[in-house]
Amino acid sequence: MDWGMKNRISRILKPETGKTVMLAVDHGYFQGPTTGLKNVGKTIAPLLPYADALMLTRGILRTQVPAETDIPIILRMSGGSSVLFDDLSDEEIQVTVEEAIRLNASAITCSAFVGGANQRSTLTGLAKLVNEGERYGIPVLAVTAVGKDMVRDSRYLGLASRICAELGAHMVKTYYCEGFKKVTSSVPVPVVIAGGKKTPEKDALIKARAAIDEGAVGVDMGRNIFQSDSPVGMIKAVRAIVHEGVSVDEAYKIYQGEKRSKAAKSRKKK
Ligand code: R5P
């Protein structure tokens, strides 16, 4: 691995712990104005100090993130479908690597729909992105997207994640599942988990703790942070799990503490 590639990866996987808290706010690329992301700039401003990297599209990066912001960018390169269309796998690479370089991306990312109608084109898109990434020293994060009719179990996620790694992805983002150790132990590159749909805060923390215990190097979490009743509390709690190894109960106290102190501040203002 050359210096540039290693350097970019180390901006995301923090050298002190080898782990990462990625904040995912790319949902609008197929969902439009997702709950909590109507005004992305406003949503992410208080979260940025606690995120190790920001995953988003070029449109949101250009318009919502001040260029002076010091955070590694993971740029979504694929798109082309929407929630109005039955087959979400109908997407392709839409951003050039030259633009990713101009936007100073630390990593580039796309979804791979293993077993879906567009398996071949999305995997070929991933492989081409890896070719480009290798040329310029930019790591590729592959996202294992799961079709509606597929089961999120260790057999499927292990297969999809391994295929992404075999095609050259430098990091893989997948979902947590029962028997997650089977997934991480057969993938030879760092694995992070998506948070998935919004769940009660404690459940999201349990999932993050279990994922780390079973071999993930971190999270790429969105809705369970920005849709929480205390987004800052949640990202601080997740961060403590990922980087400090705290228990679920300790993390939950961090979330509750932040929520309480914000409520107290807003009472004072009134
Ligand atoms: C989905 O395709 C997007 O890439 C999201 O970034 C991803 O699902 C992670 O966000 P969440 O934690 O909300 O699932």
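**Ligand site and selected residues**

An N or O atom in the side chain of Lys173 is placed 3.0 Å from an oxygen atom of the ligand. The model is a predicted one, in which local features require pLDDT of at least 70 and side-chain atom pairs are counted only at pLDDT 80 or more, whereas totals for chains, interfaces and linings use all residues. Residues are numbered from 1 along each chain as its sequence is written, and side-chain values rest on heavy atoms, with hydrogens and water left out.

For His27, an N or O atom of the side chain is 2.7 Å from a ligand oxygen. For Arg223, a polar side-chain atom likewise lies 2.7 Å from an oxygen atom of the ligand. Taken alone, the ligand exposes 360 Å², of which the protein buries 94%; accessible areas come from the Shrake-Rupley method with a 1.4 Å probe, and for residues only the protein chains shown count as cover. The ligand has 14 residues around it, of which Asp26, His27, Gly195, Gly222 and Arg223 come nearest; a residue is near a molecule or strand if one of its heavy atoms lies within 4 Å of it. The space taken by the ligand is the largest pocket. On a 1 Å grid over the protein atoms alone, a pocket is an open set of points with protein on both sides within 12 Å along at least five of seven lines, and a molecule sits in one if more than half of its atoms lie within 2 Å of its grid points.

Arg223, one of the residues nearest the ligand, is also touched by Ser228. Ser228 is located in the loop between α10 (223-226) and α11 (231-244); helices (H or I, at least four residues) and strands (E, at least two) are DSSP runs, numbered from the N terminus. With a relative accessible area of 7%, Ser228 is buried, where buried means under 20% relative accessible area, exposed over 50%, and partly exposed in between (1.4 Å probe, protein chains only). The side chain of Ser228 forms a polar contact of 2.8 Å with the side chain of Glu201. A polar contact is a pair of N or O atoms within 3.5 Å; within protein, one must be able to donate a hydrogen and the other to accept it, and residues adjacent in sequence count only if both atoms are side-chain atoms. A polar atom of the Ser228 side chain also lies 3.0 Å from the backbone nitrogen of Ser230. Residues up to four places away in sequence aside, Ser228 touches Lys198, Glu201, Arg223, Met234 and Tyr255; contact here means heavy atoms within 4.5 Å.

Tyr255 is also among the contacts of Ala237, a residue of helix α11. Ala237 is buried, its relative accessible area being 0%. Apart from neighbours within four places in sequence, Ala237 is in contact with Leu205, Ala251, Ile254 and Tyr255. The C-alpha atoms of Ala237 and Tyr252 are 6.4 Å apart, with a separation of 15 residues in sequence.

Ser78 belongs to strand β4 (residues 78-79) and counts as buried at 6% relative accessibility. The side chain of Ser78 makes polar contacts with the side chain of Arg76, at 2.9 Å, and with that of Glu91, at 2.7 Å. With neighbours within four places in sequence left aside, the residues in contact with Ser78 are Tyr29, Glu91, Glu92, Ile93, Gln94, Thr109, Cys110 and Ser111.

Leu167, in the loop between α7 (154-166) and β8 (171-174), is partly exposed at 32% relative accessible area. Its contacts beyond four places in sequence are Leu123, Leu126, Ala127 and Val130. The C-alpha atoms of Leu167 and Ala142 are separated by 9.7 Å, and the two residues by 25 positions along the chain.

The loop between α4 (58-64) and β3 (73-76) holds Glu68, and Pro66 lies in the loop between α4 and β3 as well. Glu68 is exposed at 70% relative accessibility, while Pro66 is partly exposed at 49%. Asn104, in the loop between α5 (97-102) and β6 (107-112), is exposed at 55% relative accessibility. Although not a glycine, Asn104 has a positive phi of about 60°.

How values were computed:
1 Å grid on protein atoms, 1.4 Å probe; cavity = no way out; pocket = protein on both sides within 12 Å on 5 of 7 lines; lining within 4 Å.
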